[in-house]
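Here are a few friendly notes to read alongside the model.

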Amino acid sequence: MNILLTGAAGYIGSHVARLLQQSGHEVFGADDLSTGFATRFDGKIEHVDLASADAVEALKAVFLANQIEAVVHLAARKQVGESVQKPEWYYLQNIGGLANLLTAMRETRVQKLLFSSSAAVYGMPEAQIITEDIHCQPINPYGETKLIGEWMVADAGKAWGLNHVSLRYFNVAGAGWEDLADTAVANLIPIAFAAIRAGEPVRVFGDDYPTDDGSCVRDYIHVLDLAEAHKSALEYLDQANREHSVFNVGTGTGASVFEVLAAIKEQTGVDFEVSIEPRRAGDPPKLCADVNRIQSTLNWQAENDLESIVASAWLAK
Ligand code: WQD
């Protein structure tokens, strides 16, 4: 299938693109190259800001020139803290960019879309193991843009028959290839690596949570497993009478911050210092995916454990 992947220069996008290419798909990229690197992607990249005034025409040209049959949409701003500081920009970029993409798809009859959503749509749920049907109440503009994005693709499905699936990523980490490191130092594992390499203590934001060891628990999923989930979801889009359009993508098991740091110590051999800091605003004690739906519907499950995530991330550049 001829696929346009937006965000192809990004950490996750480049993994999904490479896996789809190795599976025999023709993948074309689109990216504004603001945070990604074109060298991560083996193919043509349309240099475009999806939220810009000329994005619709630029995308239509790419669709027509390459007989695009499906779009995998990963390009978005995704820093929670930044979204709180600059909500208007997050709406322009994430919602405006998606609106332009959907317009271009509708006008060129590109009928299949895989949308990158996030566990951030859940906010701070009461439930600790999260199914897709619980009430979504995002607590930051980033999470809000992802929930609104899911509504937008569903509305396109109703209005003009778009076949769509939204994947709610939990905590993505690791590397499927050594040249595809997560270079955005914005999440626990890359932040810990940066501290270790700088000879500084790794900060733990709170050790007094109602969890087994007092630190927050998250569902860490290997980026290669996530890429496989995209491959399975694309195949699912070709099925008629699909029962679901939203899937959690996680492992179904959680790891605490202290457990992640223990895995880092074991995999790196570095006995680094830890500094216990005050809690970070907006951190729920535990967020783990219920993965029954994706397992039973897409026949997909994560294969890599926390040790593999940490080891692969440490080796990647
Ligand atoms: C994990 C845990 C921190 C850094 C993110 C965002 C978003 C989403 C993935 C896509 C928390 C703790 C962190 C540090 C720490 N991406 N921590 N010391 O907050 O679960 O959410 O998930 O949608 O990027 O929503 O990820 O990696 O920031 O934090 O103790 O130096 O590690 O408090 O408990 P988070 P995170």
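This is a predicted model: local features need pLDDT of at least 70, side-chain atom pairs count only at pLDDT 80 or more; totals for chains, interfaces and linings use all residues.

**Notes on some helices**

1. Helix 6 spans residues 188-197 and helix 8 spans residues 257-268; they pack at about 50 degrees, and their axes lie 11 Å apart. Their crossing is right-handed.

2. Now look at who touches whom in that pair. Helix 6 brings Leu188, Ile189, Ala192, Phe193 and Ile196, while helix 8 brings Val257, Val260, Leu261 and Ile264. Sorted by class, this contact has 9 nonpolar residues, with no polar and no charged ones.

3. Helix 8 also packs with helix 10 (residues 306-315), at an angle of about 55 degrees and with the axes 9 Å apart. That angle makes helix 8 oblique to helix 10. Here too the crossing is right-handed. From helix 8 come Glu259, Val260, Ala263, Ile264, Gln267 and Thr268, and they meet Leu306, Glu307, Val310, Ala311 and Trp314 of helix 10. This contact divides into 7 nonpolar, 2 polar and 2 charged residues.

4. Finally, find helix 5, which has 20 residues (141-160) and reaches 28 Å from first to last C-alpha, close to the expected 28 Å. Its buried residues include Tyr142, Leu147, Met152, Val153 and Trp160. Among the elements covering the buried residues of helix 5 are helix 4 (87-107), strand 5 (112-118) and strand 7 (163-169).

Methods:
Residues are numbered from 1 along each chain as its sequence is written. Side-chain values use heavy atoms; hydrogens and water are left out. Helices (H or I, at least four residues) and strands (E, at least two) are DSSP runs, numbered from the N terminus. The expected span of a helix is 1.5 Å times one less than its number of residues. Buried means under 20% relative accessible area, exposed over 50%, partly exposed in between (1.4 Å probe, protein chains only). Contact means heavy atoms within 4.5 Å. Axes are lines fitted to C-alpha atoms, for helices over the stretch in contact, and angles run from 0 to 180 degrees between N-to-C directions. A crossing is left-handed if the near helix is turned anticlockwise from the far one by less than a right angle, and right-handed if clockwise. Ala, Val, Leu, Ile, Met, Phe, Trp, Tyr, Cys and Pro count as nonpolar, Asp, Glu, Lys and Arg as charged, and the others, Gly among them, as polar. Angles under 35 degrees count as roughly parallel, over 145 as roughly antiparallel, 65 to 115 as roughly perpendicular and the rest as oblique.
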